[in-house]
Amino acid sequence: MSVRRVVLIGFMGAGKTAVGRSLARRLNWDFVDVDDLVEERTGRSIAEIFRLEGEAAFRLKEAEAATDALLRAGVVVAMGGGWAAEAGRLEDLPEDTLSIWLRVSPEEAVRRTKRDGATRPLLQAPDPLGRAAELLSSRSAFYDRADVGVDTEGRSVDDVTTRILEILHEYEFEIGAE
Ligand code: S3P
């Protein structure tokens, strides 16, 4: 399989943005974070979009931004945590795309999202851990459709990046030209 695009999916706090940026650097590819793209295009933060327009409106903007990001080649795309949790999303990826599920436990997801300070509207609940556990269990079957899964628990961004590069070699993926 020739790979011209890597798509990172998984729950909030899985490290999609940090690993995506690091992987893109190591591959000498571009990096697109779909949440950032939505914020750039709308001039609003994700939290503002949820608050002012609602989740359904956010999902539409997210879907559009993701579709545009996937037109590119020589790119690592970090999706938002909810993007893959819809039927057909991974199945409809362009052919030369490797999808990777970055796995994280709900406990670690809550710890990391608190630490990195960005507001995740879906975790603004009286019991963030309960909410994260519930959401993750409803999404895992979708995430599991990715081509490969990589554990991130107790691993640094560098380690996870190295593991992904190893996988690319193990599977003899050919890194396609941009
Ligand atoms: C969401 C995840 C967030 C962001 C939005 C909704 C989700 O992205 O898209 O808050 O539904 O899991 P990250 O996974 O990058 O935090």
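**Aromatic pairs and a buried arginine**

Guide: Trp101 and Tyr143 are both buried, that is, under 20% relative accessible area, with exposed meaning over 50% and partly exposed in between (1.4 Å probe, protein chains only). The model is predicted, with local features needing pLDDT of at least 70 and side-chain atom pairs 80 or more, while totals for chains, interfaces and linings use all residues. Residues are numbered from 1 along each chain as its sequence is written, and side-chain values use heavy atoms, leaving out hydrogens and water.

Visitor: How many aromatic pairs does the structure hold?

Guide: There are two. Phe50 and Phe58 form one that is tilted, at 5.0 Å centre to centre and 40 degrees between the planes. Rings of Phe, Tyr and Trp (its six-membered ring) pair if their centres lie within 6.5 Å; planes under 30 degrees apart are stacked, over 60 edge-to-face, and the rest tilted.

Visitor: Why does Phe58 count as buried?

Guide: Its relative accessibility is 3%, so Phe58 counts as buried.

Visitor: Why is the pair of Trp101 and Tyr143 called tilted?

Guide: The planes of Trp101 and Tyr143 stand at 45 degrees, with ring centres 5.8 Å apart, so this pair is tilted.

Visitor: What is the nearest side chain of opposite charge to Arg139?

Guide: Glu55, at 5.4 Å. Arg139 is buried yet has no salt bridge, which requires a side-chain nitrogen of Lys or Arg within 4 Å of a carboxyl oxygen of Asp or Glu. Lys and Arg count as positive, Asp and Glu as negative; His and the chain ends are not counted.
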